[in-house]
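Hello,

Here is the structure I said I would pass on. My notes on its helix packing follow below.

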Amino acid sequence: MKGLYMFEEIKKLKALPLKLKESQVAKQLNIDTRTVKKYWNMTEQDFLNLVKKLNESKSKSVLDQYKDEILGFLKTYKSFTAAQVYDRLKEQHINFNLCESSVRNYVAKLREQHNLNKKIKEREYVAVEELPMGKQAQVDFGEIILYDIENKPVKV
């Protein structure tokens with residue numbers, strides 16, 4: 001239950017002649033009591049202003065200052081991942097201190113807005129020529145932690 005519908009339901013239950021308490025309204029609507037308290041004495045205009053403010057803050061991003069640069073990466077290198085964009089931004093801007101997930105979400109939003117679908121590189125599979133017994137092997141890479149002379153862990 002979100003938005004104006006939830007607000008109206010809270011107001012409707014508050015106006016009932018039964019004089020329900022905030023906790024009873026929360027239980028009835030199956031929402032958190034803090035949510036009911038937030039909207040309990042709010043006017044409809046206050047609610048609309050709150051929604052407008054939240055929508056404005058969602059549409060703005062710290063990454064907007066790098067938007068043209070990111071779009072340049074995505075248009076030039078269609079197969080660029082968000083991690084690669086993040087690395088480029090870290091390299092080119094000394095004070096860049098955002099987390100990688102923020103960049104990933106922003107890049108996904110930009111790809112959708114500008115219809116910049118990622119170019120998927122297809123893997124090429126080639127049949128390997130059969131070799132005689134004992135002349136062919138398969139290797140699976142892995143890692144293990146061993147301890148050196150000073151009993152410090154070393155990843156091998």
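**Helix packing**

Helix α1 (residues 3-15) passes helix α2 in a right-handed crossing. Please bear in mind that this is a predicted model.

The axes of α1 and α2, the latter covering residues 22-29, come within 10 Å and cross at roughly 130°. That angle makes α1 oblique to α2, because it falls in neither the roughly perpendicular nor the roughly antiparallel range. On the α1 side the contact is made by E9, I10 and L13, which meet V25, Q28 and L29 of α2. By type, the residues of this contact are four nonpolar, one polar and one charged.

The pairing of α2 with α3 is also a right-handed crossing. Here the axes come within 8 Å, at a crossing angle of roughly 120°, and therefore α2 is oblique to α3. From α2, the residues E22, S23, V25 and A26 take part, and they meet T33, V36, K37 and W40 in α3. This contact divides into four nonpolar, two polar and two charged residues.

Helix α3 itself spans residues 33-40, and V36, Y39 and W40 are buried in it. These three lie on the same side of α3, because they cover an arc of only 110° around the axis. R34 and K37 are exposed and sit on the face of α3 turned away from that buried side.

Regards

Notes: Residues numbered from 1 in each chain as written. Predicted model: local features only at pLDDT ≥ 70, side-chain atom pairs only at ≥ 80, totals over all residues. Heavy atoms only, no water. Axes fitted to C-alpha atoms, helices over the stretch in contact; angles between N-to-C directions. Helix = DSSP H or I, 4+ residues; strand = E, 2+ residues; numbered from the N terminus. Parallel < 35°, antiparallel > 145°, perpendicular 65-115°, else oblique. Left-handed = near helix turned anticlockwise from the far one by under 90°. Contact = heavy atoms within 4.5 Å. Nonpolar A, V, L, I, M, F, W, Y, C, P; charged D, E, K, R; others polar. Buried < 20%, exposed > 50% of the residue type's maximum accessible area, 1.4 Å probe, protein only. Arc of directions from axis to C-beta.
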